[in-house]
Amino acid sequence: MKPGLPKLIATDLDGTLVRSDDTVSAYTHEVLDRVRAAGIRIVAATGRGPRLTSLTRNDIRVADFLVLAQGGWVLDLADSTYLRQARLPGRALGEALGALESVAGPLSVMFEALEHDDAPLWGDYDPTWRYPVTVESRTRAECLTGEVIKAFARSFQLDVDELLALAHRVVPSDLATVTQAGLDYVEICPADVDKGTGLSVVAESVGVDPSDVLVFGDMPNDLPMFAWAGWGRVAVANAHPTLLAAADDVTLANDQDGVAVYLDRLLSR
């Protein structure tokens, strides 16, 4: 950790800022208000797609930017304009899924293609999905005819970390980016899309250097922004082992408002 204060703070939401009951505490909102009042920009960096923009804005009300869809969509809230809107061609996604199924066996796949609020997902409805969602039943071939924002793939045999390890071996990074965000799925995103490249779009637009950015996270999808940010990288106590290993510091768990506790201490030091 550097002395003084960072110029920009980026935090993951689910599992990090947001508690297990899907709420954000009044204390967390109050601390974020004070961070913003201190002149520090606040960015939400989340796997949530643009279809969850309203929910995301409600969870982090003082954010200046939303980095959505694992970094592929970047929304400037000052004037509600997108600085980045990345899509994955159906052909590339089909190749990535084919490569993965050749080593992992059949996958259950849902596709996120639409950006309007509460838009449905397409594909195979999955009873293990833990959030409220509408899934429109469509064949894989239909889902691959155009571009998508991202896809979620679940194995019937392998756990998500095993599936991710296979994906990293067989899906070339110039074809697609594969990560996992704490659900039972790997997420397949456009090439060069991750929270690090998404945050770099924000940093360039406001003239902040990565060395002045503090980040908080909990899952492997946060590793790219941990690698990118230079002021500090903080994992919540409930984080995935790979993130705990990459962190400079560990705060309390999300259910104990770990991000807010950390920021409160930072502001008062």
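1. R51 and E112 form a salt bridge, with their closest N and O atoms 3.4 Å apart. R51 lies in the loop between β2 (41–45) and α2 (53–59), while E112 lies in strand β7 (residues 107–112), so the pair ties together parts that are 61 residues apart in sequence. This is a predicted model.

2. Are these two partners buried or exposed? Buried means under 20% relative accessible area. R51 has 6% relative accessibility, so R51 counts as buried. E112 has 1%, so E112 counts as buried too.

3. Next, look at D12 and K195. Their side chains meet in a salt bridge of 2.9 Å, N to O. The pair links distant parts of the chain, 183 residues apart: D12 sits in the loop between β1 (8–11) and α1 (26–37), and K195 in helix α6 (residues 195–206). D12 is buried, and K195 is buried as well. D222 joins these two in a network of salt bridges.

4. E115 pairs with R87 in a salt bridge, the closest N and O atoms being 2.6 Å apart. E115 is in the loop between β7 and β8 (121–123), R87 in the loop between β5 (81–85) and β6 (88–89), and 28 residues separate them. E115 is partly exposed at 33% relative accessibility. R87 is partly exposed at 25%.

5. How many salt bridges are there? The count comes to 16.

6. Now the surface. D159, D161, E162 and D184 form a negative patch there. One of them, D159, is in the loop between β11 (150–155) and α5 (160–170). D159 has a relative accessible area of 42%, so D159 is partly exposed.

Conventions: Residues are numbered from 1 along each chain as its sequence is written. This is a predicted model: local features need pLDDT of at least 70, side-chain atom pairs count only at pLDDT 80 or more; totals for chains, interfaces and linings use all residues. Side-chain values use heavy atoms; hydrogens and water are left out. Patches are made of residues with over 30% relative accessible area and no salt bridge: like charges are joined within 9 Å, nonpolar side chains (Val, Leu, Ile, Met, Phe, Trp, Tyr) within 5 Å. Accessible areas come from the Shrake-Rupley method with a 1.4 Å probe; for residues, only the protein chains shown count as cover. A salt bridge is a side-chain nitrogen of Lys or Arg within 4 Å of a carboxyl oxygen of Asp or Glu. Lys and Arg count as positive and Asp and Glu as negative; His and the chain ends are not counted. The place of a charge is taken as NZ of Lys, CZ of Arg, CG of Asp or CD of Glu. Helices (H or I, at least four residues) and strands (E, at least two) are DSSP runs, numbered from the N terminus. Buried means under 20% relative accessible area, exposed over 50%, partly exposed in between (1.4 Å probe, protein chains only).
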